[in-house]
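Work through the following exercises with the structure open beside the text. Each task is followed by a solution that goes step by step.

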Amino acid sequence: MAGRIPQYFIDDLVARADIVDVVGSAVKLKKSGRNWHGLCPFHNEKTPSFTVSQDKQFYHCFGCGAHGNAIGFLMEYDGLGYVEAIEDLAKQLGMEVPRDENPTEAKKRQAAKKSAETLELATQFYRNSLQVAEGCQRAQAYLQHRGLKPETVERFGIGYAPDGWELLKKYLAGQSISEGEQVSLGLLVQKEDTGRSYDRFRNRIMFPIRDWRGKVIAFGGRVLGDEKPKYLNSPETPVFQKGRELYGLYEAKTSPGQLERLLVVEGYMDVVALAEAGISYAVATLGTSATSEHMERLFKVVPEVVFCFDGDKAGKRAAERALDNVLPHMIDGRQARFMFLPEGQDPDTLVRANGKNLFEQRIVRADSLSEYLFRFLQQGLNPLEPEGKALLIQKAIPYFKKIPVGILRTLLIQKLAEIVGVDADGVRAQIDNSPGAASHESVQSQPVDIIPDYAVETGTSADNNPEVKLSTTYAYKLLVWAVRYPHVCQALSDVERQQLKEIIDENKDFFWGKVFDLVFEYLKCTPGATTSSLQAHWYGTETGRLLDQIALEDVLAEEFIVSEFKEWLRSLELKRREYQHNQRFDELTRKSRSGQKLTKNENEELVMLLNLLANKKSQSDGNST
C-alpha cells in the first residue's frame with residue numbers, strides 16, 4: 001500500500017498496544033511475578049523459557065534469543081513485513097492507519113482497495129455458484145467424491161466457475177467493475193485480434209488464493225473431468241506474484257494449535273485433502289518450484305519445512321531445485337526435510353488410502369537436509385576412490401558456499417571431510433577460497449551480540465589507557481539508562497545536556513556511540529518517548545537490534561535513575577577534563593623538551609596544569625592515607 005506511515009502514529013500504536021494481549025493470542029501465557037511465561041513459539045521446547053514483560057512491553061526467549069516488541073512479534077510469528085505488522089496491530093486496536101502520501105500514492109492505494117473488493121466479489125460469485133448455478137450438482141458430487149466435508153469447503157472458500165463464457169463478467173459489470181479492471185486482475189481473457197474478453201475460468205472447481213491477511217489475491221481452477229490443462233492459475237497481476245505466494249499458508253497459520261512445521265506439496269487438492277485428514281499445515285506452490293522468496297516466507301512462520309515430492313524423475317528434479325534454493329536460508333535452528341512419495345502416488349491419494357497417522361510417520365521419517373544433500377552429491381561418484389573423493393569436494397563447493405556461516409555449515413564441512421578422509425580445515429579453506437562470491441553473506445545469520453566490546457573499535461589506544469576505557473564504560477552505561485528510562489534526558493539542565501552531547505561526540509567511533517547520538521536527538525524532539533517507541537522507530541535495523549538488546553539489561557530502580565544518571569554524568573565530565581589536562585600537559589612538556597620555545601600563554605597554561613595535577617595528586621594521596 002502506498003504512502004509513508006507517520007512516525008507519530010507508530011509510536012502511539014506501540015504505546016497503546018499491550019504485548020501480553022498480542023502474544024497471548026498466539027502463545028499460552030501464565031503469570032509469574034511481574035512477567036508472563038510460556039513455551040517459545042519460535043523453537044521447540046518442553047520447559048518454558050519465553051517471557052513477556054508487561055512493564056517493558058517486550059518479549060524475550062532465553063532459549064533461542066528471540067526478542068522484540070508487539071510489532072516485532074507479529075513480524076516474526078506471522079511472517080509479516082514491518083508495514084504489514086503495523087497494519088495488523090492497528091486493526092487489532094481498531095485504529096485507522098494514516099498515510100503521508102502524494103496524489104500518485106493515493107491513487108495507487110485506491111486502486112489496491114478496488115482490486116481487493118473486486119476479487120472478493122468474484123470469490124462470492126464462485127461460492128454462490130457452487131450452490132445454485134447450472135451444473136453445480138456435478139461440482140458438489142466431485143467434492144464429495146474427493147472426501148471433502150462442507151466445513152472444509154467453507155474453510156478454504158472453495159467455489160465453482162459455471163460453464164459459461166461471460167457469466168462472471170456480467171455479474172461484476174453489474175457491480176460497477178469495468179471490463180478493463182477484470183482483465184487486469186486475470187478474471188477475464190482478452191483476445192488480441194478482436195479485443196473481446198471472456199471469463200478465464202469455466203466449468204472448474206475454484207480455489208481462492210489468499211495472502212497473509214486472508215485477502216483473496218488470485219484463483220486456481222481444477223477441471224471436473226480429464227480436460228487440459230488440469231489446473232489453471234490466475235496470471236501474474238499487480239496483486240499476485242506466483243513466485244512469492246503459497247496456497248494454504250493463511251489457512252495453516254489460522255488453524256487451531258501451535259504451528260511447528262509446514263509441508264510443501266504441489267497441488268491445491270493435496271493441501272485441502274491433507275487438511276480434511278487433519279494435517280492442517282500443508283501449503284502448495286503455484287505452478288513453480290519452491291523459490292528463494294518462498295523459503296524466506298516459510299521460515300518466517302516455522303523453524304521446520306518439509307518438502308514433499310513425487311518419486312518420479314520430475315519429483316527428483318524439483319527436489320534438486322528446492323535444495324538449491326533452501327541452502328542460503330539454513331541458519332542455525334532451522335530444519336529442512338525432503339520427503340519422496342511412492343511413484344504414482346500423491347499426498348491426496350496416499351492420505352486417503354493410509355490415513356493421517358501413517359502419512360505423518362512418513363513426514364517424521366523424511367530425509368534431513370544433510371542426508372539428502374550428501375546422497376545427491378554422491379550420485380554417480382565412488383567416494384572410496386581418490387578421484388571420486390576429489391570430485392565430491394568439487395561438486396560440493398557451490399552448494400556449501402550457499403550455506404550461512406554457523407554451526408550447521410561447520411558440521412556439514414566436518415561430515416564431508418570424514419567421507420573423503422581429509423582434514424576439515426583443508427576442506428573449509430578450499431570452499432572459502434574457491435571462485436565466486438559466497439551467497440550466504442546476503443542471508444542474515446544467527447542473531448549475535450552486536451554490542452561491541454568497550455574501546456575495541458578505536459584501536460589500541462583505549463587498551464593502553466585505562467582511563468579512556470573507564471570513561472567509555474561510563475558513557476555506554478548512560479546510553480543504557482537513557483534507553484530504559486527515556487524521561488531522564490528531559491530532567492537534565494542545559495549545561496548537563498551539553499556535557500552529554502560532548503561525551504556522545506567523543507564516542508562516535510563506537511557503533512553504540514553513533515546510536516547514542518541518534519537516540520539523544522530523538523529524545524530531544526519526542527518528550528513522551530518510551531523504550532518501546534525507540535525500538536519501534538528503529539525496528540529491523542542494526543540500531544534497532546542494539547536497542548532490543550539494551551532493553552533486556554538490568555538497571556537501577558526508576559526512583560534512583562535521574563540522580564544516578566546526573567552523578568555518573570558529573571563523574572564522567574571530571575574524568576574527561578582530567579584526561580584532557582593530562583594530554584595537554586604531555587603535549588606542552590614534549591614541546592619544551594624538544595627545544596621549541598613555549599609562548600607566554602602556553603607557559604601560563606603549563607603552570608596552571610602543574611598546579612591542577614599537583615592538587616589532584618595531593619587529594620589522591622590524602623584519600624589513600
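A residue counts as buried when its relative accessible area is under 20%, and as exposed when that area is over 50%. The model used here is a predicted one.

**Exercise 1.** Determine how many residues of strand S9 are buried, and name the strands that pair with S9.

Solution. Start with burial: strand S9 covers residues 204-210, and seven of its seven residues are buried, so the strand is largely enclosed by the rest of the structure. Next, look at strand S6, residues 159-161, which pairs with S9 in the antiparallel sense over three bridges; here Ala-161 stands opposite Arg-204 of S9. Then turn to S10, which is joined to S9 by antiparallel pairing over seven bridges, with Pro-208 opposite Phe-219 in S10. Finally, examine the hairpin of S9 and S10, where five residues lie between the strands and Gly-214 takes a positive phi near 90°.

**Exercise 2.** Decide whether Asp-226 is buried or exposed, and find the patch to which Asp-226 belongs.

Solution. First locate Asp-226 in the loop between strand S10 (216-223) and strand S11 (231-233). Its relative accessible area is 75%, which means that Asp-226 is exposed. Together with Glu-134, Asp-163 and Glu-227, Asp-226 forms a negative surface patch.

**Exercise 3.** Find which strands stand at the edges of the open sheet of five strands.

Solution. Read the order of the sheet, S13-S12-S14-S15-S16, in which the pairing is mixed. Strand S13 (282-284) and strand S16 (367-368) each have a single partner strand, so one side of each is left without a neighbour in the sheet. For S13, pairing with strand S12 (residues 261-265) is parallel, over three bridges, and Val-283 is the bridge partner of Val-264.

Conventions: Residues numbered from 1 in each chain as written. Predicted model: local features only at pLDDT ≥ 70, side-chain atom pairs only at ≥ 80, totals over all residues. Heavy atoms only, no water. Patch = residues over 30% accessible without salt bridge, like charges linked within 9 Å, V, L, I, M, F, W, Y side chains within 5 Å. Areas by Shrake-Rupley, 256 points an atom, 1.4 Å probe, with all protein chains shown as cover. Salt bridge = Lys/Arg side-chain N within 4 Å of Asp/Glu carboxyl O. Lys, Arg positive; Asp, Glu negative; His and termini not counted. Charge placed at Lys NZ, Arg CZ, Asp CG, Glu CD. Helix = DSSP H or I, 4+ residues; strand = E, 2+ residues; numbered from the N terminus. Buried < 20%, exposed > 50% of the residue type's maximum accessible area, 1.4 Å probe, protein only. Pairing = 2+ DSSP bridges.
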